[in-house]
Amino acid sequence: SYYYMAGIYAYAQTYYEDYDIIYGLDGEDPLVDWDKLASYENVYTNETFSSDNILFTVPADGIYQFGFSQNDPTGTLGISHVSITEVFDNDVSVNSIAGLPSMLPAGQFGKFNMSAVVTNNGRNNTSGKLSVSANGKEVATATFNELKYYESATVPVEIDLSKVDVSSGSVGITVEAVIDGTDDNPENNTTEVSITVSDDTIAYDHTTADKYDGDHAIGVGPGSATAGIAMRIASPVGLKAFSIGWGAADGQDITLGIDKWNPETAEIGDEIYSGTFSQGTEIGQTEYTVDEGISLPAGDYMVSVTFSGYSLASDHVLPGQLYMLSSDKEGNKVAINQTSEKLGTPAIRILVDNRGSVYAHEIADMSLTLYPNPAKGMLTIKSSGEAITNVAIYSAAGAEVCNMPCHGTEFKFD
């Protein structure tokens, strides 16, 4: 494998590169005795370094040298580095895991749609399965089929973490690739991530202290941008605050928002909340408290921040997730997936009030009390102030189990 940059754009014209990769035994004349390993024509890598991989077998033992020969060097050819690795007959690797949160309250461990990238590094086409474990216990499987040499596949997996023990303060998620047959290099068959059990924070980024600076901040030039990440709420909660990570802060006005999100169609739904705050001038995670009572039933949401300049902190951990939000011609919000830009996941988090098996919606008046909580039998809601007009109750799975009018200061539900 090698990393290279080919071609150049200059004077309003693109110059393409033609080149060969050649090899031969040490001591031979490269121009006379060496053989072609691969040939390329009309290559332009858009001013960036790219990677390429070649599978080859030498005819006999010996000390070999390799070279890059430009056929018509009108452009440029830059080589960053070259590596030669033994290729096994059967060898798959799990390269990354995406779609899982990095921090969750104990009551939010439920079903999640994740994915893992599997690569066939062996000569033979390979099929097999992925086994996903949580704290050592298998929670899901998925299959991959007929991967060719150096072909990668993003394998989707739905996992259920609702019965996982979270008492240790973290949950380790391990993905293992098991092929049909014997893997000649099993050392790279697994990868893992950890989910921290938090008090009230839901996060998907892995931003560390050294990433809160201008060098790691993302954004746009003049003007504003709206960045968002998709979050799943497993059990109904109340929204307490947003927590946004800043690599630069100048006190600008920012807008924080939550919208319904359809992960299957990648469409934004109804707006749940939008509010304007002063960014502040502190670098790092800054909390923005939501004054009004906002309830979030179980489901998928797009959580976003609108800001100016290069100021939003990101973990730069790949593959990550990043959406940029804008509006179409009809004024509807749209989300453009920018994960391919390799910026990782921005530090956009929310703080929630996890109330257990039932949640009273939009309790803005502290004269309203609910007991017992959590409730398995009779639930009583009392108001020491104004009369209660309506009560909606949701199960831990997010299903509405009660939506009834009320005309007094007390409501009971069994």
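F66, I79, V82 and I84 together make a nonpolar surface patch of about 340 Å², where a patch is built from residues with over 30% relative accessible area and no salt bridge, like charges being joined within 9 Å and nonpolar side chains (Val, Leu, Ile, Met, Phe, Trp, Tyr) within 5 Å. Accessible areas come from the Shrake-Rupley method with a 1.4 Å probe, and for residues only the protein chains shown count as cover. This is a predicted model, in which local features need pLDDT of at least 70 and side-chain atom pairs count only at pLDDT 80 or more, while totals for chains, interfaces and linings use all residues. Residues are numbered from 1 along each chain as its sequence is written, and side-chain values use heavy atoms, with hydrogens and water left out.

- V82 belongs to strand β8, which covers residues 77–82; helices (H or I, at least four residues) and strands (E, at least two) are DSSP runs numbered from the N terminus.
- With a relative accessible area of 48%, V82 is partly exposed, a class that lies between buried (under 20% relative accessible area) and exposed (over 50%), using a 1.4 Å probe and protein chains only.

**The chain as a whole**

- The protein chain has 0 helices and 31 strands.
- Its radius of gyration is 27 Å, well over the 22 Å that the globule rule gives for 414 residues, so the protein chain is more spread out than a compact globule; the radius is taken over C-alpha atoms, and the rule is 2.2 Å times the number of residues to the power 0.38.
- The C-alpha trace of the protein chain spans about 95 × 55 × 40 Å along its principal axes, and 42% of the 414 residues count as buried.

**Salt bridges**

- Across the whole structure a search finds 9 salt bridges, each being a side-chain nitrogen of Lys or Arg within 4 Å of a carboxyl oxygen of Asp or Glu.
- K333 and E271 meet through their side chains in a salt bridge of 3.3 Å, N to O, and this pair links distant parts of the chain, with K333 in strand β25 (residues 333–337) and E271 in strand β21 (residues 267–278), 62 residues apart.
- K333 counts as partly exposed, at 35% relative accessibility.
- E410 forms a salt bridge with K382, their closest N and O atoms being 3.6 Å apart; because E410 lies in strand β31 (residues 410–413) and K382 in strand β28 (residues 379–383), the pair ties together parts that are 28 residues apart in sequence.
- E410 also meets K412 in a side-chain salt bridge of 3.5 Å, N to O, and K412 is partly exposed at 46% relative accessibility.
- Salt bridges that share partners join D259, E271 and K333 into one network.

**A sheet of three strands**

- An open sheet is formed by 3 strands in the order β27-β28-β31, with antiparallel pairing, two strands being counted as a pair if DSSP finds at least two bridges between them.
- β27 (368–371) and β31 stand at the edges with a single partner strand each, so one side of each is left without a neighbour in the sheet.
- Between β27 and β28, which run antiparallel, there are 4 bridges, and L368 stands opposite S383 in β28.
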